[in-house]
Amino acid sequence: MRKDKLFLGTNTKMYKGINDTVSFLEKLKEKTLDVADSPVELFVLPSFTTLYSAAQCLAGSHIKFGAQNIHWEDQGQFTGEVSPLMLREAGCEIAEIGHSERRHVMGETDAVINKKVLAAIRHNMIGLLCVGETGEQKALGITEETLRIQLKTGLNGVGADEVKNIWIAYEPTWAIGVGGTPASKEYADKSHGFIRQTLVDLYGDDIGRRIPLLYGGSVNNSNAMELLAMPNIDGLFIGRSAWDADNFSVIIHEALHQFKLYSHG
Ligand code: PGA
């Protein structure tokens, strides 16, 4: 199976402070220098307080970085929020939007997520839109309905010329984090196929097929390659298994070798 390009990244959630983030990034940078010219998009989304230090550390490197959340207004009376202008100033290229924990712990709705997507686009950032059904929705057999609502609402108002700045992560809630069960490769691929079809319905064949679709939810060293080998999966959005730079680097190298994308710098 050949792929033209892979997307491999991590969100460090609320775990690493400045020192841990910097040492993680330094190590990851060094361990992946040999893939800098390979067709892979490597990215890390650390905590807000670490972004300035992350920017110093990753300046000019092959690793993109961004934030785990974004506010939809440029400024205003929004105590505790961080605006797209501030993220841009800190050097962020990516804004993660609608992670399962934001939806289900922080109560973000599809309408709010849509405003954030539009803000990311307005500021020329990559909007990494996360979608996925809960365990209950899966049991009720409404996975496809849920994904369709999340996609059509989340991308409302995003034009065909703007959607090139969108990446989608399929992260079913039941698969994420401690206690999560990874989706089987077949299940993940089927959901990705459905997401792809929805994007093609929205944006047409050419544009809809070019939007990167990443899988996330208990990805580890044992299942990463089989997931990536599925036709509808363009990349992996990894939590726990990527927080150790050595381990993340192993997954990155295996992936590039498996898909014959490794090219020396
Ligand atoms: P996990 O997290 O890989 O630790 O399950 C994935 C995510 O929340 O993006």
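Reader: Where is Q68 found?

Author: Q68 is found in the loop between β3 (63–67) and α3 (84–89). Helices here are DSSP runs of H or I with at least four residues, strands are runs of E with at least two, and both are numbered from the N terminus. This is a predicted model, in which local features need pLDDT of at least 70, side-chain atom pairs count only at pLDDT 80 or more, and totals for chains, interfaces and linings use all residues. Residues are numbered from 1 along each chain as its sequence is written, and side-chain values use heavy atoms, with hydrogens and water left out.

Reader: What makes the pairing of the side chains of Q68 and N11 a polar contact?

Author: A polar contact is a pair of N or O atoms within 3.5 Å; within protein, one must be able to donate a hydrogen and the other to accept it, and residues adjacent in sequence count only if both atoms are side-chain atoms. The side chains of Q68 and N11 are joined at 3.3 Å. A polar atom of the Q68 side chain also lies 3.0 Å from the backbone oxygen of L45.

Reader: Which residues does Q68 touch, not counting residues up to four places away in sequence?

Author: Q68 touches N11, T12, K13, L45, P46, S47, E96 and R102. Contact means heavy atoms within 4.5 Å.

Reader: Which residues surround the ligand?

Author: They are K13, H99, E171, I176, G177, G217, S218, G239 and R240. A residue is counted here if one of its heavy atoms lies within 4 Å of the molecule.

Reader: What places backbone atoms at the oxygen atoms of the ligand?

Author: Take the distances one by one. A backbone N or O atom of G177 lies 2.8 Å from a ligand oxygen. For S218, a polar backbone atom is 2.8 Å from an oxygen atom of the ligand. For G239, a backbone N or O atom is 2.9 Å from a ligand oxygen.

Reader: Now the helices: why are α1 and α2 called roughly parallel?

Author: Angles under 35 degrees count as roughly parallel, over 145 as roughly antiparallel, 65 to 115 as roughly perpendicular and the rest as oblique. Helix α1 (residues 18–31) and helix α2 (residues 51–58) cross at roughly 20°, and their axes come within 9 Å. α1 and α2 are therefore roughly parallel to each other. The axes are lines fitted to C-alpha atoms, for helices over the stretch in contact, and angles run from 0 to 180 degrees between N-to-C directions.

Reader: Which residues meet there?

Author: From α1 come I18, V22, L25, E26 and K29, and from α2 come S53, A54, C57 and L58. By class, the residues of this contact are 6 nonpolar, 1 polar and 2 charged. Ala, Val, Leu, Ile, Met, Phe, Trp, Tyr, Cys and Pro count as nonpolar, Asp, Glu, Lys and Arg as charged, and the others, Gly among them, as polar.

Reader: And why are α7 and α8 called oblique?

Author: Helix α7 (residues 143–154) and helix α8 (residues 185–210) pack at about 40°, with axes 10 Å apart. α7 and α8 are therefore oblique to each other. Their contact has 6 nonpolar, 3 polar and 5 charged residues.
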